Structures are given as structure tokens and as C-alpha cells.
Amino acid sequence: PIPGELRSFLAARMRELPAELRTDLQVAGRHFTHCGYIMGPSYCSFGCTHCYLPKNANRVPLPTLEEMKSQIDANRRMIGPGGGLQITGGDVVDAYWRAGRAADLAILLRYANRAGLVPMLMTHGQVLLENPDYLDHLVQYGGLRKLALHIDITQAGRPGFPIQAQKREADLHPLRELFVDLLLGVRRRTGVKFFAAHTVTVCERNLESVADIPRWLMADPRHLDAFRMVSFQTEAAVGRTRKLSSPVSAEEVWRRIQEGVGIDLSRDNLWFGHPDCSNMTTLMVIYPEGRAVNLIPADTESRKFWAEVLRVFGGIGNRGGSVFESALAVLSAWARRPSFSLGLLRYIRHRLREERLGPGLLLHLLRGRVRGLNIVMHNFMGQQDLAAPRSDIVEKRLAACAFRGAFRRNGQWEAVPMCEMNATFREAQYARLIPSPILRPRSPAETARPAVNRAAHPELAGAGRKHDLSSISGEAPRA
């Protein structure tokens with residue numbers, strides 16, 4: 001059920017972890033190596049108050065397709081087969097659309113899929129909201145199956161939602177509804193079930209209203225049909241972030257999340273690298289009452305069961321294959337450990353008793369009244385954390401980082417943690433890519449590149465007549 005190549009990657013990753021992190025509940029090294037990222041176009045038209053991009057980001061020329069493909073290939077060599085790859089940089093959708101290179105993004109998504117990775121596109125989503133046909137195109141012809149939409153009151157530049165008018169996260173619920181309509185509409189038109197994550201930066205300004213977001217997500221099953229995950233990300237002193245007087249802590253953010261969900265949630269039920277960096281739990285939400293049930297609680301029986309799940313099924317998941325292939329892999333792993341069936345039955349009985357759930361739950365399941373929601377929190381480090389000399393805990397967090405991207409330094413590819421990239425490498429790397437100021441500044445018309453010729457790119461073979469890529473263009477990024 002698990003390819004030999006992936007087993008080798010997982011074993012190597014487990015050996016890299018600090019000894020105290022190699023627990024039975026450690027996901028890194030058992031289920032995945034790490035999530036990768038690429039340094040795509042650095043441009044973004046927004047001017048958010050907590051942006052990891054440096055001030056010179058919008059002056060960097062867009063990379064070529066070959067440069068992007070080399071990053072994808074390097075990530076594949078470091079992650080292994082079926083690894084997750086975040087397509088990020090600045091806002092890559094914004095950048096490619098405005099530069100008249102919208103076709104490039106579909107090419108890169110298809111290339112990542114063919115390389116054996118599972119790409120997730122990271123964006124503030126405004127271009128997709130205004131041009132839903134483009135999202136159709138990325139889903140149908142780029143093979144996009146995972147999308148992350150960043151929405152919060154730190155964002156400046158979104159039409160119709162000026163930052164000065166947004167006081168609480170609930171003020172952006174009408175915008176979130178627009179994205180629900182967009183996501184469900186694309187799934188309806190294309191017939192493809194792709195899923196979205198809702199990402200949120202948390203700072204002093206929106207800490208008290210963070211609970212508004214899980215409340216909204218759970219208020220309507222349509223919301224969870226669109227968003228299967230919400231990721232809360234603590235502010236970090238990097239890039240264009242405007243430092244506030246009271247930086248938020250991971251503990252404060254988690255308390256607000258629990259307030260919104262309405263039940264206690266443990267932070268250390270599963271470990272994704274270092275527990276100071278990433279925390280996650282999974283909820284089952286039962287309608288019409290909207291009741292949340294924690295599927296990964298902190299009691300001894302639950303920890304024992306989930307440790308067994310990782311032992312039996314670690315390495316099997318959404319790796320870009322068909323539903324049939326995934327089901328076959330699960331059944332194959334299960335057949336090798338038939339005793340798991342008894343453990344599963346005992347655990348279901350335990351959880352039903354603990355949650356006081358009776359036979360009515362089965363009826364809710366059969367009627368389609370149950371949804372799932374993954375809640376994630378990332379606690380990023382800033383420049384002050386990574387400045388020399390680094391503490392022992394910082395070194396261990398970097399060694400266990402679950403979010404590392406391929407970066408070429410001194411001619412060699414390295415897997416660089418995102419926190420280290422933002423605080424140490426990104427601004428200097430961009431400075432090397434910016435044309436010399438003694439050269440004549442080029443006009444937007446000169447910097448804009450034409451849409452890619454489909455005939456010259458076999459990656460786009462099979463694209464339907466509905467989408468003429470030569471007509472997908474937009475305003476070029478400003479210098």
C-alpha cells in the first residue's frame with residue numbers, strides 16, 4: 001500500500017527529527033515528510049498590515065516557466081511521491097493574471113501533478129472571485145484540487161471591503177459567502193470535487209473576533225461543503241508586517257478558537273513536526289443543530305487509537321491518485337493488520353459513550369447531515385527568534401519544520417523552513433533578482449509578457465474550446 005520510495009523518505013525524515021519528537025503521535029516521518037512550497041511570482045496587489053513579503057517584492061520580475069519547473073522538480077526530490085506542494089510566492093494568481101500570463105499557472109499546476117505532487121494554490125482569491133471562469137480553467141485543465149483562500153481584516157486592497165471599515169472578522173462574512181458561492185459554483189459547473197482551506201492571520205487587531213470564524217463555518221453546512229479546513233496563523237515580525245504593541249501568542253489564539261467552536265480542544269493530540277509550531281484537530285459537525293464533536297480528543301483511549309491509525313495507515317492518504325487506488329491502498333493496509341477492526345469498534349463505542357451519541361448519529365450520516373472540519377494553527381517565528389545566537393528550542397523547531405521549500409543556494413538545492421525563508425533569505429534573494437536601477441525603467445507594456453501559446457506547450461493538451469487561453473490576460477504588475 002505504501003511505495004518503497006515513500007517508505008525511504010519517511011524513514012529518513014523520522015531520523016532527522018530530534019529524539020524527543022519521535023513519538024507515537026508524530027505525523028512527520030509516519031504520514032508525510034514535509035509540505036513543500038515554491039518561490040513563485042512575488043507580486044501582490046494588496047497591501048496587508050501583516051505581510052511576510054519584503055518591501056522590494058513587487059519590483060521582482062516574474063520567473064520563467066523553466067525556473068518554476070526546476071523548483072517543482074527540486075521539491076519532488078525532497079518530499080517524495082504524493083507530497084503536498086504549496087504554489088505560493090506573493091499572490092501567484094494575482095501576479096500571473098495582471099502580467100498577461102494566466103496560462104502559465106495552469107501549466108505549472110499540471111506539471112506539479114505530473115511530477116507526482118499534490119499542489120495547493122495559495123491566494124487572496126480576488127482575481128478568482130472576479131473571474132470565476134479562470135478558476136474553472138485551473139480546475140479542469142490545470143488539475144487544481146486544493147485551494148487556500150486568505151481572508152481576514154488585516155487585508156488592505158480588496159474592492160468593496162476597505163480595511164478601515166472592517167472592525168471584526170464578522171464584518172467579512174458577506175465576503176466569505178461570496179467565496180462559498182464561487183467554490184460551490186465551480187464544483188457544480190466542472191463536476192470536479194476540489195476543496196478549499198480558509199487561512200487567517202491573527203494579530204492584536206482581530207484576536208478578540210477570531211471566534212467569529214469557526215462560528216460562521218459551522219453555522220451552515222454549505223460553508224463546510226466549501227471549506228474543509230481553517231488555518232489560523234499567528235503574526236510574525238517579518239517582511240512588511242507592521243509591528244504592534246502586543247504580539248499575540250499561540251495560547252491566546254487557541255483559546256479564541258475553542259471559544260468559537262464551543263468545546264475544549266487539545267493542541268497536542270497529533271504532532272506535525274514540533275508542537276510549538278503546528279497544531280491540528282478534526283471536528284465532526286452534526287446538523288441541523290450544528291453540534292461539534294472533537295474526533296481527536298486528548299484522553300488516553302483516543303491517543304492510543306490514533307497512534308495505531310498512524311502505524312497502520314501512515315503514508316496512505318490523498319496523494320493525487322483515483323478514489324479506487326486510495327481505497328485499495330487502505331484495504332491492503334487493513335488486511336495486513338486485521339486486529340485493527342476490533343480496536344476501531346472499541347474506539348467507536350468509547351467515543352459514542354463519551355459524547356452521549358446514540359443510534360441517531362447513523363441516521364444523520366445517512367441523511368447527509370454530518371460534515372468534517374480540520375482546524376489548524378501555525379505559530380510562525382519572526383526575525384527576533386531566528387537572530388544569532390539561536391536558542392536550542394529554535395534549532396529544534398527548524399529541524400522539525402513541516403513546511404519547507406526547495407531553495408538553491410551556492411548551486412545546491414536545500415529544504416528551507418518557511419520561517420527561515422521569510423526572516424533570513426527572501427529579501428536578499430529578491431534584491432539579487434531586481435534589475436539594476438541604472439538601467440532605463442521599463443514600461444508596463446514592456447514588462448508584460450503575452451499569454452502562452454498552447455500549441456508550444458504539450459502540458460495543455462486536451463484543453464477544451466470553452467477556454468481560449470490567448471484571451472486570458474490582464475493589467476501588468478506595476479513596478
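The side chains of R189 and D136 make a polar contact at 3.0 Å. This is a predicted model, where local features need pLDDT of at least 70, side-chain atom pairs count only at pLDDT 80 or more, and totals for chains, interfaces and linings use all residues. Residues are numbered from 1 along each chain as its sequence is written, and side-chain values use heavy atoms, with hydrogens and water left out.

Me: What makes the pair R189 and D136 a polar contact?
Reply: The term needs a pair of N or O atoms within 3.5 Å; within protein, one must be able to donate a hydrogen and the other to accept it, and residues adjacent in sequence count only if both atoms are side-chain atoms. The side chains of R189 and D136 make theirs at 3.0 Å. The C-alpha atoms of these two residues, 53 residues apart along the chain, are separated by 7.8 Å.

Me: Why does R189 count as partly exposed?
Reply: Buried means under 20% relative accessible area, exposed over 50%, and partly exposed in between (1.4 Å probe, protein chains only). R189 has 41%, so it counts as partly exposed.

Me: What makes β7 mostly covered?
Reply: In β7 (residues 278-286), 9 of its 9 residues are buried. Strands are DSSP runs (E, at least two residues), numbered from the N terminus.

Me: How do you know that β7 pairs with β9?
Reply: Pairing takes at least two bridges found by DSSP. β7 and β9 (residues 370-378) have 9, in the antiparallel sense. One of the bridges joins I286 to V370.

Terms used: Helix = DSSP H or I, 4+ residues; strand = E, 2+ residues; numbered from the N terminus.
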